[in-house]
Amino acid sequence: MNTIPVKQVEAGAGEYRKLTVNIFRHNPQDENSVPHMDTFEVEEADSMTLFILLNEIRENQDPTVQFDFVCRAGICGSCAMLVNGRPKLACRTLTQELPQVLNLAPLPGFELIGDLSVNTGKWMRNMSEHLETWIHNREQERDFCELEEKMEPEVADKIYELERCVECGCCIAACGTAQMRADFVGAVGINQLARFKIDPRDDRTDADFYEVLGTEEGVFGCMTLLGCDDMCPKELPLAQQIAYMRRKMALAEV
Amino acid sequence: MSAVEHAVKPSRWPAYMDIVQGATGLFLVLFMWTHMFMVSSILISKDAMYWVARMFEGEPILGKPYPALVSGFAVFILSLIVIHAFLALRRFPATARQYNTMNKHIGNLKHSDTTLWYVQVFTGFALFFMASVHLYQLIFHPSNIGPYASSDRVWSGMMWPLYLIMLFVVELHAGIGIYRLVIKWGLFLGDNPKRNRHRLHVLKWILTVFFLVLGLATLGAYMKIGYEHAHQAGERYSPSWQDPANAAHHE
Ligand code: SF4
Ligand code: SF4
Ligand code: FES
């Protein structure tokens, strides 16, 4: 699911569209910088992704355009941006699926570093520390010489499915609740706690989870707008996980 | 409980509020749909509607109709609406900034479930007032329900514009609301949540359209009867199985 279908087409000159790319420009560090859009013309190429397109702009037209990429394969989660208003991973978005005019903007709801680059890492770290998205085991010291306990393959599969989240932030940008209320933990946070809740190595009880999630900033703040579910580039079953945590939290003894 | 304990112990309120908001919503939707079926009995015949109205006044059990039962039930429904609206209100965008963010977000995203939520906010807001007017009328004139009484209220009493608008508002609000509620708690999502959610979405629209058509036909029927009965508005209907001479006695 993470690979882009490559279709080799022999094409002569002028057979591809000329794309008009409007890019949001702003440098918050620079006092004189005024947010605005810059327009670039780029000739489309076969199997062109936004990653390729942006690099072409940076190489041939304007070396100062800022944007983030690491893996260019949909794994690191750093290249998310608004493409014509919708959050997408730029490295996994083919230009051929888009209209001739593209509007690229940084993900809303995160601190702007510059142009298309936002600090999702800071947000995610905050969320992770607040929700404690790591294994909580009462066992003090693990003996690494001992064999680990076995886990049922079905459970492992389920955990793996939720673990695929790349913390790209698309679900935050796609969530009206998160946009309106900055302290909402979002689908990414709720999904991560669901992942630890089904993990048998995590000793936390429902009451423990309730402490961080049983609030209006947590699962009860979600208004089921489902932008997260529809726009998660990893297609995680977010609606289902949020509902699962909501049921557990509604029944939790505190 | 000490102040410290109080401050540290997580509150159950967010959970309760979410549950009660959903439960009142669910009850109101189910009630509203039942109500629509009852009211639409006029499409069968005037006698059928007469019978339904008397049944809700307790006649089959209590021997004679007690309109106060209708008043009581209307008060109950109104209080559910108040609770539901109060709880839903905390979801509303509260500041101009939040409205702004939401408007931009919805405009950008063009995402149907998010846009539907906005529809729900506005229909909910409108509904609060329209339902209050409707229920106020019922609470204080509970005996004004019947094939002629209702039709006169609709036509000669000029209630039809309100009912017409309210029909669309309530069906939209209820349809969207119950769809969201089902997904919110993860019902019927099964092992293929995306596909099943799509099916629920389709089902929701089918239900909405069905009740809109039924509602329009019903309202049309009352308007027609009210129009034809306008010159003797106020007179009550006597069912065909009753001796007309006894009608006055019975009412
Ligand atoms: S849940 Fe999906 S959209 Fe949200 S951060 Fe993870 S991968 Fe991105
Ligand atoms: S369901 Fe809606 S409100 Fe809840 S996290 Fe997803 S987008 Fe946000
Ligand atoms: S560059 Fe890593 S996800 Fe796009």
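Analyst: What follows sets several values of this model against the definitions behind them.

The model is predicted, so local features need pLDDT of at least 70 and side-chain atom pairs count only at pLDDT 80 or more, while totals for chains, interfaces and linings use all residues. Residues are numbered from 1 along each chain as its sequence is written, chains are lettered from A and ligands numbered from 1 in the order in which they are written, and side-chain values use heavy atoms, with hydrogens and water left out.

User: Why is α3(A) called roughly antiparallel to α6(A)?

Analyst: The axes of helix α3 (residues 153–163) and helix α6 (residues 186–197) of chain A come within 9 Å and cross at roughly 160 degrees. Angles under 35 degrees count as roughly parallel, over 145 as roughly antiparallel, 65 to 115 as roughly perpendicular and the rest as oblique, and therefore α3(A) is roughly antiparallel to α6(A). The axes themselves are lines fitted to C-alpha atoms, for helices over the stretch in contact, with angles from 0 to 180 degrees between N-to-C directions.

User: What makes the contact between α3(A) and α6(A)?

Analyst: Contact means heavy atoms within 4.5 Å, and here I159(A), L162(A) and E163(A) of α3(A) meet N191(A), A194(A) and R195(A) of α6(A). By class, this contact has three nonpolar, one polar and two charged residues, where Ala, Val, Leu, Ile, Met, Phe, Trp, Tyr, Cys and Pro count as nonpolar, Asp, Glu, Lys and Arg as charged, and the others, Gly among them, as polar.

User: What secondary structure does chain B have?

Analyst: Chain B comes to 11 helices and zero strands, counting DSSP runs numbered from the N terminus (helices: H or I, at least four residues; strands: E, at least two). Two of these helices, α2 (residues 13–39) and α10 (residues 193–228) of chain B, have axes that come within 10 Å and cross at roughly 40 degrees. Their contact has nine nonpolar, two polar and no charged residues.

User: How many residues does each chain give to the contact?

Analyst: Chain A gives 41 residues and chain B gives 35 residues. The area buried between the two chains is about 3100 Å², of which carbon and sulfur atoms give 57%; buried area is the accessible area (1.4 Å probe) that two parts lose on being put together, summed over both.
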